[in-house]
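Trainee: Hi! Could we go through the charged side chains on this one together?
Mentor: Happy to, let's bring it up.

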Amino acid sequence: MKRRVLTALLTCSLILAAVAAPSVVLADDYDQQIEEKNKEIDDLQGKQASVQAEIDSLESEVSGINEKAQNLLAEQQELDEQSKQLEKEIADLQNRIDQREEAIREQARDVMFR
């Protein structure tokens, strides 16, 4: 009877070892796959952070460029106004010159005919 119990116990142990061994191996495979996926996720999160930092930098640069463009447009408008004012002053001065030349001619005629 001891022999039968021992044989049955040995048989059960062998069967249990045969069934349990693959599940331990499968668990190790799943753990390894989970670890690999976690590494991939970490790598992708790192890349995402790097890309986001680059986007933020570019947005800051674009903002600076837009501000410079606005300043340049305002300066251009101011220069256009100054240019129009100067053109008006030039036209006024030209009229005064023409009037003065005419007055000088009349004075010259008066002097010559006296």
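Trainee: Which residue does glutamate 35 form a salt bridge with?
Mentor: Its partner is lysine 39, and the closest N and O atoms are 3.9 Å apart. Keep in mind that this is a predicted model.

Trainee: And how many residues apart are glutamate 35 and lysine 39 in helix α1?
Mentor: They are four residues apart in helix α1, so about one helical turn separates them.

Trainee: Is glutamate 35 buried, partly exposed or exposed?
Mentor: Glutamate 35 is partly exposed, with a relative accessible area of 46%. Lysine 39 is partly exposed too, at 49%.

Trainee: OK, zooming out: how many salt bridges does the structure hold?
Mentor: There are four salt bridges in the structure.

Trainee: What about arginine 105, which residue forms a salt bridge with it at 3.7 Å?
Mentor: That is glutamate 102, with 3.7 Å between the closest N and O atoms. Glutamate 101 also forms a salt bridge with arginine 105, and there the closest N and O atoms are 3.9 Å apart. Together, Glu101, Glu102 and Arg105 are linked in a network of salt bridges.

Trainee: Where do glutamate 101 and arginine 105 lie?
Mentor: Both are in helix α1, four residues apart, about one turn of the helix. Glutamate 102 and arginine 105 are three residues apart in helix α1, so they too are separated by about one helical turn.

Trainee: How accessible are glutamate 101, glutamate 102 and arginine 105?
Mentor: Glutamate 101 has 38% relative accessibility and counts as partly exposed. Glutamate 102 is partly exposed with a relative accessible area of 32%, and arginine 105 is partly exposed at 46%.

Trainee: New topic. Which residues gather in a patch of negative charge on the surface?
Mentor: That patch is made up of Glu75, Glu78, Asp80 and Glu81.

Trainee: Where is the place of glutamate 81?
Mentor: Glutamate 81 sits in helix α1, which covers residues 2–113.

Trainee: What is the relative accessible area of glutamate 81?
Mentor: The computed value is 48%, and glutamate 81 is therefore partly exposed. Patches are made of residues with over 30% relative accessible area and no salt bridge, so at 48% glutamate 81 passes the area cut-off.

Trainee: Great, thanks for the walk-through!

Methods: Residues numbered from 1 in each chain as written. Predicted model: local features only at pLDDT ≥ 70, side-chain atom pairs only at ≥ 80, totals over all residues. Heavy atoms only, no water. Patch = residues over 30% accessible without salt bridge, like charges linked within 9 Å, V, L, I, M, F, W, Y side chains within 5 Å. Areas by Shrake-Rupley, 256 points an atom, 1.4 Å probe, with all protein chains shown as cover. Salt bridge = Lys/Arg side-chain N within 4 Å of Asp/Glu carboxyl O. Lys, Arg positive; Asp, Glu negative; His and termini not counted. Charge placed at Lys NZ, Arg CZ, Asp CG, Glu CD. Helix = DSSP H or I, 4+ residues; strand = E, 2+ residues; numbered from the N terminus. Buried < 20%, exposed > 50% of the residue type's maximum accessible area, 1.4 Å probe, protein only.
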